[in-house]
Amino acid sequence: MPGFVLLVRDREDGDPTMRLGITVTKKIGGAVARNRMKRRFRELAREILPAAGVPGADHVLIGRAGGVERDYGLLAEELTKALRKIRHTVRPEPVEGRLCPPATSEKKERPSTDSGRTAGETPL
């Protein structure tokens with residue numbers, strides 16, 4: 001969404017509690033702007049997560065540059081829409097785990113750096 005990024009991950013621990021994390025970087029602005037954005041995100045979460053959030057999942061809101069100036073009602077609509085979309089696509093494992101190929105135990109042979117010199121020879 002234009003004002004934030006939403007990440008949701010199912011904990012798979014059997015606990016239906018929804019947890020919230022908020023991240024706003026210094027790229028967004030000074031401390032006042034970052035704190036204002038975090039307050040807005042907390043209030044949005046209080047209103048929307050109980051009804052639209054994923055039970056037993058961690059929800060992380062990452063602030064984007066335009067989020068501070070966006071209308072509060074528009075942010076609420078966007079969060080509801082994002083939660084509706086993501087509710088059916090929550091993955092139990094991290095995305096990185098799916099994209100990384102399995103590690104192999106083969107060691108690749110590294111090219112030799114001795115450039116044909118015999119022991120004891122020094123370069124000119």
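With a relative accessible area of 21%, D58 counts as partly exposed, a class that lies between buried (under 20% relative accessible area) and exposed (over 50%), as found with a 1.4 Å probe on protein chains only. This is a predicted model, in which local features need pLDDT of at least 70 and side-chain atom pairs count only at pLDDT 80 or more, while totals for chains, interfaces and linings use all residues. Residues are numbered from 1 along each chain as its sequence is written, and side-chain values use heavy atoms, with hydrogens and water left out.

D58 forms a salt bridge with R19, and the closest N and O atoms of the two are 2.7 Å apart; the term stands for a side-chain nitrogen of Lys or Arg within 4 Å of a carboxyl oxygen of Asp or Glu. This pair links distant parts of the chain, since D58 belongs to strand β3 (residues 57-63) and R19 to strand β2 (residues 19-23), 39 residues apart. Helices (H or I, at least four residues) and strands (E, at least two) are DSSP runs, numbered from the N terminus. R19 is itself partly exposed, at a relative accessible area of 46%.

## Other salt bridges

A search of the whole structure finds six salt bridges. One of them joins D13 to R11, with 3.3 Å between the closest N and O atoms; here D13 is partly exposed at 47% relative accessible area, whereas R11 counts as buried at 17%.

Another salt bridge brings together the side chains of R46 and E43, at 3.0 Å from N to O. These residues are three apart in helix α1, and are therefore separated by about one helical turn. R46 is exposed, with a relative accessible area of 56%, while E43 is partly exposed at 33%. Through shared partners, salt bridges also join R11, D13, D15, R19 and D58 into one network.

## The aromatic pair

The structure holds one aromatic pair. The ring centres of F4 and F41 are 6.1 Å apart and the planes stand at 85°, so the pair is edge-to-face. Rings of Phe, Tyr and Trp (its six-membered ring) pair if their centres lie within 6.5 Å, and planes under 30 degrees apart count as stacked, over 60 as edge-to-face and the rest as tilted.

Because F4 lies in strand β1 (residues 4-10) and F41 in helix α1 (residues 31-52), the pair ties together parts that are 37 residues apart in sequence. F4 is buried at 1% relative accessibility, and F41 is buried at 1% as well.
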